[in-house]
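Hi,

Here is the structure I promised to pass on. Have a look at it first, and then read my notes below.

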Amino acid sequence: MSRLVLDTVERVVGTYAVAFLGLLLADGFDLTNLSSLKAAAIAAIPAGLSVLKAAVGSLIGDQSTVGWVPKNR
């Protein structure tokens, strides 16, 4: 797997985990009700947006990463 794909996967998984845990903590961390499933679904939105951000970053930033910061000269 290429480095850019691994970088993107790491960012997406991290974004999903942080968003999901944040929503669970805000909801009271009850995994037995339907609102927890809603939190899981809602947490996928920022993770999906991080894929788009990574795609743009691979075009405008340093070519060895999906970040938006340009490579130093």
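This is a predicted model: local features need pLDDT of at least 70, side-chain atom pairs count only at pLDDT 80 or more; totals for chains, interfaces and linings use all residues.

One term before we start: contact here means heavy atoms within 4.5 Å. With that in mind, and leaving aside neighbours within four places in sequence, Pro70 is in contact with Gly61 and Asp62.

Residues are numbered from 1 along each chain as its sequence is written, and side-chain values use heavy atoms, with hydrogens and water left out.

Now the overall picture. The protein has two helices and zero strands (helices, H or I with at least four residues, and strands, E with at least two, are DSSP runs numbered from the N terminus). Its radius of gyration is 15 Å, well over the 11 Å that the globule rule gives for 73 residues, so the protein is more spread out than a compact globule. That radius is taken over C-alpha atoms, and the globule rule is 2.2 Å times the number of residues to the power 0.38. Along the principal axes, the C-alpha atoms fill a box of roughly 50 × 25 × 15 Å.

Buried residues account for 23% of the 73; buried means under 20% relative accessible area, exposed over 50%, and partly exposed in between, with a 1.4 Å probe and protein chains only. If you take the contacts between residues at least 6 apart in sequence, 46% of them join residues at least 24 apart.

On to helix 1, which covers residues 3-27. The structure holds one aromatic pair, and this is Tyr16 with Phe20, stacked at 5.9 Å centre to centre and 5° between the planes. For the cut-offs, rings of Phe, Tyr and Trp (its six-membered ring) pair if their centres lie within 6.5 Å; planes under 30 degrees apart count as stacked, over 60 as edge-to-face and the rest as tilted. Both Tyr16 and Phe20 sit in helix 1, four residues apart, which is about one turn of the helix. Tyr16 has 29% relative accessibility, so it counts as partly exposed.

Ala19 is in helix 1 as well, and it is buried, at 18% relative accessible area. Ala19 and Asp7 are twelve residues apart in sequence, and their C-alpha atoms are 18 Å apart in space. Leu21, another residue of helix 1, is partly exposed at 45%. From Leu21 to Asn72 there are 51 residues along the chain and 35 Å between the C-alpha atoms.

Then there is helix 2, residues 34-60, where you will find Ser58. Which residues does Ser58 touch, leaving aside its neighbours within four places in sequence? Ser58 is in contact with Gln63, Thr65 and Val66.

Pro70 is exposed, with a relative accessible area of 56%. Pro70 and Gly57 are 13 residues apart in sequence, and 9.3 Å apart in space, C-alpha to C-alpha.

That's everything from my side. Over to you!
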